[in-house]
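Please walk me through this structure in the viewer, one selection at a time. I would like to know what to select next and what is there.

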Amino acid sequence: MTPAPDPNGDNGGATKDEATLKVPTKDPKKKDEKKDEDLSEEDLALKQQLELYVERVQDSDPGLQKVALESMRQEIRNATSSMTSVPKPLKFLRPHYGTLKAHYEKMAESDLKKFLADILSVLALTMSAEGERESLKYRLLGSDGDIGSWGHEYVRNLAGEISQEYAKRQSDEAPIDDLMELVQQIVAFHMQHNAEPEAVDLLMEVEDLDLLVEHVDKTNFKRTCLYLTSSAKYLPGPDDILVLDIAYMIYMKFEEYPRALQIALHLDNLQYVKQIFTSCNDLLQRKQFCYILARHGTRFELDDDICADDEEREGLQEIINNSKLSEGYLTLARDIEVMEPKSPEDIYKAHLLDGRASAGASVDSARQNLAATFVNAFVNAGFGQDKLMTVPSEASSGSSTNWLFKNKEHGRASAAASLGMILLWDVDSGLAQLDKYFHSTDIPVIAGALLGVGIVNCGVQHDCDPAMALLAEYVDREDPSIRIGAIMGLGLAYAGAQSEQIRAKLIPVLGDAKAPLDVIAFTAIALGLIFVGSCSEDIAQAIIFALMDRSESELGEPLTRLLPLGLGLLYLGKQESVEATAEVSKTFNEKIRKHCDMTLLSCAYAGTGNVLKVQHFLGQCAQHLEKGETYQGAAVLGIGLVAMAEDLGLEMAIRSLEHLLQYGEQNIRKAVPLALGLLCISNPKVTVMDTLSRLSHDSDTEVAMAAIISLGLIGAGTNNARIAGMLRNLSSYYYKEASLLFCVRIAQGLVHMGKGLMTLSPYHSERFLLSPTALAGLITFLHACLDMKAIILGKYHYVLYFLVLAMQPRMLMTVDENLKPLSVPVRVGQAVDVVGQAGRPKTITGFQTHSTPVLLSAGDRAELATEKYIPLSPILEGFVILKENPEYRED
């Protein structure tokens with residue numbers, strides 16, 4: 001086999017350019033003489049030799065013709081092995097290309113004619129004019145030999161011409177069978193020579209990816225699938241789904257089940273998930289699948305077909321239900337030694353500021369106490385202990401009740417619910433501690449306890465379904481705050497569960513004429529969360545009717561805008577499925593019509609990276625409107641939601657948002673920080689941090705508040721020192737303005753969320769999978785932030801708890817075969833994109849070696865630093881099961 005030529009594109013370009021330069025001029029004689037002098041003796045001999053062959057080919061004697069063609073072919077083949085410059089024979093045969101072509105036309109049909117066609121096809125590589133596709137034409141006329149022997153560059157050139165020819169024949173509706181035979185040969189050649197991306201590109205051009213499945217083998221299937229999955233982000237639908245389907249089939253063929261499972265989840269295809277479980281009988285592997293499902297937040301019931309053994313099935317279901325999450329998180333916390341509860345003062349670090357700020361802080365205002373409640377809840381989330389709510393009661397008067405009553409009426413609801421946040425994921429002790437509030441006579445406390453039950457159960461399923469049992473009866477109570485507590489609690493506890501029982505319970509509330517607006521708004525959101533991405537028609541209809549029943553005055557209320565959002569969540573990421581509902585929304589009252597349209601589109605295309613939709617939203621933002629319009633805020637968030645899918649679109653969206661800041665009206669400017677916060681959530685990029693820092697001093701308070709909250713979002717759970725410093729300075733800057741100070745405190749709580757062990761990013765598995773429930777929680781929170789004054793600074797501050805849907809430990813926890821934590825050395829570093837690179841490039845750079853459990857920041861990737869164990873998941877994130885490597889020998 002000749003050494004594979006350099007597969008970089010430069011030389012292809014070079015040959016083309018030279019072709020146009022060196023076509024013989026009008027007076028070839030002079031030029032030839034001059035050229036002959038420059039050539040070395042060998043080259044001169046070769047040139048004369050070739051000219052002799054050209055004359056012989058035109059000879060009448062077929063014997064001579066054959067010898068000449070054979071020799072010419074030998075010369076060309078020997079030369080094409082290296083492709084750094086145009087091979088000599090091709091260079092010298094250039095002037096004769098026309099002669100040979102003319103002679104070819106005159107020849108009678110014979111093997112010799114095919115032989116000449118082969119040679120012409122290779123000469124056309126450097127000689128034919130752009131767009132003529134002569135190389136392909138002569139290839140199809142020539143003999144069916146092995147094309148690889150003419151060299152890589154030739155094959156690549158052919159592939160390019162095939163895609164043009166295919167497009168032309170498709171439009172003329174001409175047959176394409178001869179092309180497809182050639183495609184088969186080229187794909188086989190590429191797959192053998194490590195050029196998987198080129199094979200995939202060719203097959204995409206000729207719309208026949210199914211061929212791939214036959215051609216991949218054990219050595220190249222991983223690289224092929226990596227290219228497929230990463231190119232899927234940039235393809236328009238429905239092509240992207242086709243490409244992922246092929247990748248799924250290839251992974252299944254080679255029994256690479258964890259990767260196949262990720263594609264199944266990406267496609268949101270539960271049939272595939274079932275297929276993976278039934279194809280794989282290894283119990284440990286199945287446990288790993290369950291961990292992946294649990295991290296993604298998928299509710300998946302295992303049945304007898306998947307797992308016949310009851311005990312095994314219960315064990316697997318327990319992992320899917322996430323009941324191990326709290327235990328794993330606390331193991332991580334102990335390992336990093338952050339179990340010590342933190343008080344809000346530890347976070348504010350007021351002693352680092354000059355005198356003026358701390359002077360005002362000693363006053364016990366209800367607003368500041370409420371802020372402290374949230375900070376305390378976010379910082380100690382999931383740790384099960386803190387210094388305000390869970391303090392063991394001295395004698396009979398517990399100090400936890402003291403803190404509760406340092407909050408004003410509706411503030412107590414958030415305070416009671418914060419206990420649920422502190423005991424996050426730990427259902428049993430959470431319910432036990434919340435129980436005391438159910439006996440309270442104070443209505444907000446009961447409402448908060450109901451919400452607390454929902455928070456504790458968020459992302460965790462319990463065998464006896466406690467949330468349903470406790471909350472269902474409160475949905476129809478008289479008091480609206482109790483109803484909201486129960487309804488929002490159900491929404492958090494059963495997000496993504498698509499539970500029929502709850503649907504039957506909540507739909508009547510939407511149609512209840514006596515129910516106040518806030519109850520109806522929270523019911524729409526709860527249904528949107530529980531049936532996220534389900535496209536459920538009954539619920540969509542119920543929410544649409546509820547919207548149509550609103551009076552003129554209610555349509556202007558900020559809470560009414562949560563109804564279209566509930567509707568949008570039903571179609572989260574489902575693209576075209578939203579169109580029918582979007583048509584209906586065009587008949588709404590003009591006050592809400594455009595807002596509804598923007599919200600529906602932004603949810604339906606969330607995380608798809610659809611460029612056309614981003615342009616559509618930017619177009620909506622270009623209009624200059626009166627003060628009262630709200631839909632542009634939803635459009636700006638839409639830009640963030642759609643563009644967060646991949647890094648390129650994300651960078652471009654950040655730049656577009658910069659423009660909006662400069663030219664947009666106030667209602668656009670106050671949404672821009674929120675969109676930036678979403679694009680870089682839990683990923684503090686310095687440029688975005690600076691923009692937000694600038695906006696946090698904006699003369700418009702709404703813009704400043706949004707920027708401050710977004711600083712909290714981009715730093716969520718990172719303990720980022722720079723953001724923490726900015727927020728401390730802001731707290732002294734705004735020490736007289738209660739509402740802005742409240743936002744600063746919330747942001748401080750977010751930055752130190754879970755003492756730096758958590759993330760709010762809805763993406764996981766190396767940014768390949770997007771958890772729908774996490775994204776739904778974030779969207780709800782951001783939409784609520786579009787009107788801070790009415791919602792978060794009003795009496796609905798508990799919408800902050802929607803963030804709990806996105807809170808996840810940012811850890812890598814390795815466990816052994818009995819699911820007990822196992823400490824092994826791992827390398828953690830910045831992930832490097834290795835798609836389509838040759839050889840075995842390093843996948844991480846700038847790594848450090850730690851022993852597990854370890855924290856992973858945004859853009860980090862981990863790999864095992866020992867060969868003693870084999871990980872059962874190719875992506876080291878969350879819980880990973882390790883099994884001992886049987887071939888490992890201690891040195």
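Select strand 5, residues 811–815, together with strand 11: the two pair in the parallel sense over 4 bridges. The model on the screen is a predicted one. Within this pairing, Thr814 stands opposite Val880 of strand 11, and Met813 stands opposite Phe879 of strand 11.

Keep strand 11 selected, residues 878–884. How many of its residues are buried? The count is 5 of 7, and the strand is mostly covered.

Strand 10 pairs with strand 11 in the antiparallel sense, over 3 bridges. Here Ile870 stands opposite Lys883 of strand 11. Colour the residues between the two strands as well: a hairpin of 6 residues joins strand 10 to strand 11.

In general, the strands of a sheet pair through backbone hydrogen bonds, parallel or antiparallel.

**Backbone stops**

For comparison, most peptide bonds are trans, and most residues other than glycine have a negative phi.

Two further selections concern phi. Ser682 has a phi near 55°, a positive value in a residue other than glycine. Look for Ser682 in the loop between helix 40 (672–679) and helix 41 (686–695). Is Ser682 buried or exposed? Its relative accessibility is 6%, so Ser682 counts as buried.

Asn719 also has a phi near 55°, again positive in a residue other than glycine. Asn719 is placed in the loop between helix 42 (701–714) and helix 43 (721–733). With 33% relative accessibility, Asn719 counts as partly exposed.

**Salt bridges**

As background, side chains of opposite charge can pair when their charged atoms come close.

Begin with Arg169 and Glu165, which form a salt bridge with their closest N and O atoms 2.9 Å apart. The two residues are 4 apart in helix 9 (residues 152–172), so about one helical turn separates Arg169 from Glu165. Both Arg169 and Glu165 are buried.

Move to Arg412 and Asp442. Their salt bridge has its closest N and O atoms 2.4 Å apart. This pair links distant parts of the chain, 30 residues apart: Arg412 is in helix 24 (residues 409–422), and Asp442 is in the loop between helix 25 (427–438) and helix 26 (443–456). Arg412 counts as buried at 16% relative accessibility, and Asp442 counts as buried at 17%.

The next pair is Asp538 and Arg503, a salt bridge whose closest N and O atoms are 2.9 Å apart. This pair also links distant parts of the chain: Asp538 is in helix 31 (residues 537–548) and Arg503 is in helix 29 (residues 500–511), 35 residues apart. At 40% relative accessibility, Asp538 counts as partly exposed.

**Surface patches**

Which residues form the negative surface patch? Select Asp309, Glu311, Glu312, Glu314 and Asp463 to see it. Asp309 lies in the loop between helix 17 (283–296) and helix 18 (310–320). The relative accessible area of Asp309 is 38%, so this residue is partly exposed.

Finish with Tyr234, Leu648 and Met652, which make a nonpolar surface patch of about 360 Å². Tyr234 is in the loop between helix 13 (221–232) and helix 14 (239–253). Tyr234 counts as exposed, with 51% relative accessibility, where the cut-off for exposed is over 50%.

Key: Residues numbered from 1 in each chain as written. Predicted model: local features only at pLDDT ≥ 70, side-chain atom pairs only at ≥ 80, totals over all residues. Heavy atoms only, no water. Buried < 20%, exposed > 50% of the residue type's maximum accessible area, 1.4 Å probe, protein only. Pairing = 2+ DSSP bridges. Patch = residues over 30% accessible without salt bridge, like charges linked within 9 Å, V, L, I, M, F, W, Y side chains within 5 Å. Areas by Shrake-Rupley, 256 points an atom, 1.4 Å probe, with all protein chains shown as cover. Salt bridge = Lys/Arg side-chain N within 4 Å of Asp/Glu carboxyl O. Lys, Arg positive; Asp, Glu negative; His and termini not counted. Charge placed at Lys NZ, Arg CZ, Asp CG, Glu CD.
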